[in-house]
Amino acid sequence: MATRRTVLIGGAAVGLAPALTWADAGMPHYLAAARHADGSYRLHGLDGTGRDVFSLPLPARGHAAASHPVAPVAVAF
């Protein structure tokens, strides 16, 4: 059985863990869905010059994406 002290220490440790931000994902300026030559679909994060900073596979064709303002989370449509 967990004691009150154990729960408080565990809660404090979780609170000290760093939160991920878009900087951890390469600071993309744009999100774009694309079909590759092999027929696969991917979601790309692009910097201000159009350079790929990340690429994630999509299960089907993507049309658009929306990003969370702070957390490195995006939803592809």
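## Hairpin E2-E3

Strands E2 and E3 form a hairpin with five residues between them, and Gly-50 in the turn has a positive phi of about 90 degrees. Strands here are DSSP runs of E, at least two residues long, numbered from the N terminus. This is a predicted model, in which local features need pLDDT of at least 70 and side-chain atom pairs count only at pLDDT 80 or more, while totals for chains, interfaces and linings use all residues. Residues are numbered from 1 along each chain as its sequence is written, and side-chain values use heavy atoms, with hydrogens and water left out.

E2 pairs with E3 (residues 52-58) in the antiparallel sense, over six bridges. Two strands count as paired if DSSP finds at least two bridges between them. Leu-46 has Asp-52 as its bridge partner in E3.

## Hairpin E1-E2

E1 (residues 30-35) and E2 (residues 41-46) run antiparallel and are joined by six bridges. They form a hairpin with five residues between them. In its turn, Gly-39 has a positive phi of about 90 degrees.

Ala-33 has Leu-43 in E2 as its bridge partner, and Ala-32 stands opposite His-44 in E2.

## The sheet

The strands make an open sheet of three, in the order E1-E2-E3, with antiparallel pairing. E1 and E3 are the edge strands, each pairing on one side only. From one strand to the next the twist averages 25 degrees; axes for such angles are lines fitted to C-alpha atoms (for helices over the stretch in contact), and angles run from 0 to 180 degrees between N-to-C directions.

In general, strands of a sheet pair through backbone hydrogen bonds, either parallel or antiparallel.

## Gly-48 in the E2-E3 loop

Gly-48 is found in the loop between E2 and E3. Gly-48 has a relative accessible area of 48% and is therefore partly exposed, a class that lies between buried (under 20%) and exposed (over 50%), using a 1.4 Å probe and protein chains only.

Not counting residues up to four places away in sequence, Gly-48 touches His-29 and Tyr-30; contact means heavy atoms within 4.5 Å. Gly-48 and Tyr-30 are 18 residues apart along the chain, and their C-alpha atoms are separated by 7.5 Å.

Conventions: Helix = DSSP H or I, 4+ residues; strand = E, 2+ residues; numbered from the N terminus.
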